[in-house]
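Please find below a colleague's note on the structure under review. It is arranged as numbered points.

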Amino acid sequence: MMSIKNGSCLCGEIHFEVEGDFESFFLCHCSRCRKDTGSSHAANLFSSSAKLRWLTGQDKVKVFTLPSTLHTKSFCSVCGSALPNLQMEGDLLVVPAGSLDSELFFKPNAHINISSKAEWDQDLETLPKIDNDPVNA
């Protein structure tokens, strides 16, 4: 039996499901992934066999491909949340891990593109760990 994962955007306008399994889960530190996430890395799941189905809000999904590259990002046109997209002429499904509402029971396979890692992204595991948002506490 294939697994089904559910996901959505931040504002709730878009819901989707992914039926099938992921072959890999990478944390990419390249400059393009840092730009399109606003973070130290992108956390994406990859599948060549899983199927994506939009449940609501497909008309609000926008896709941007950086010219002269294969770098593609799908996002909600209302709230900007990262969403799944098909790449390589539909042969590869890329799903931002944070867009899933279903739990993942496996960890990333690897950090990739470490050679372009941000200078400030060093030894982050040594920082204090706080249970809640210190700004809104």
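The points below go from the overall fold to single side chains.

1. Basis of the note. This is a predicted model, in which local features need pLDDT of at least 70 and side-chain atom pairs count only at pLDDT 80 or more, whereas totals for chains, interfaces and linings use all residues. Residues are numbered from 1 along each chain as its sequence is written, and side-chain values use heavy atoms, with hydrogens and water left out.

2. Secondary structure. The protein contains 1 helix and 11 strands; helices (H or I, at least four residues) and strands (E, at least two) are DSSP runs, numbered from the N terminus. The order of elements from the N terminus is β-β-β-α-β-β-β-β-β-β-β-β.

3. Overall dimensions. The radius of gyration is 16 Å, close to the 14 Å from the globule rule for 137 residues, so the protein is as compact as a globular protein of that length. The radius is taken over C-alpha atoms, and the rule is 2.2 Å times the number of residues to the power 0.38. The C-alpha trace spans about 40 × 40 × 35 Å along its principal axes.

4. Contacts and surface. Among contacts (heavy atoms within 4.5 Å) between residues at least 6 apart in sequence, 59% join residues at least 24 apart. The protein exposes about 8900 Å², of which carbon and sulfur atoms supply 53%; accessible areas come from the Shrake-Rupley method with a 1.4 Å probe, and for residues only the protein chains shown count as cover. Of the 137 residues, 35% count as buried, where buried means under 20% relative accessible area, exposed over 50%, and partly exposed in between (1.4 Å probe, protein chains only).

5. The structure holds 3 salt bridges, each defined as a side-chain nitrogen of Lys or Arg within 4 Å of a carboxyl oxygen of Asp or Glu. K60 pairs with E13, with the closest N and O atoms 3.6 Å apart. K60 is in the loop between β5 (51-56) and β6 (61-65) and E13 in the loop between β1 (4-8) and β2 (15-19), so this pair ties together parts that are 47 residues apart in sequence. K60 also forms a salt bridge with D59, at 3.8 Å between the closest N and O atoms. Through shared partners, E13, D59 and K60 are joined into one network. Relative accessibility is 22% for K60, which is partly exposed, 37% for E13, likewise partly exposed, and 60% for D59, which is exposed.

6. The strand-to-strand salt bridge. E17 and R53 meet at 3.1 Å, N to O. This pair links distant parts of the chain, with E17 in strand β2 and R53 in strand β5, 36 residues apart. E17 is buried at 15% relative accessibility, while R53 is partly exposed at 47%.

7. Which residues does N44 touch, not counting residues up to four places away in sequence? They are S24, F25, F26, V94, V95, P96 and A97. N44 belongs to strand β4 (residues 42-47) and is buried, at 15% relative accessibility.

8. A nonpolar patch. W120, L124 and L127 make a nonpolar surface patch of about 320 Å². Patches are made of residues with over 30% relative accessible area and no salt bridge, like charges being joined within 9 Å and nonpolar side chains (Val, Leu, Ile, Met, Phe, Trp, Tyr) within 5 Å. L124 lies in the segment after β11 (110-112) and is partly exposed, with a relative accessible area of 34%.
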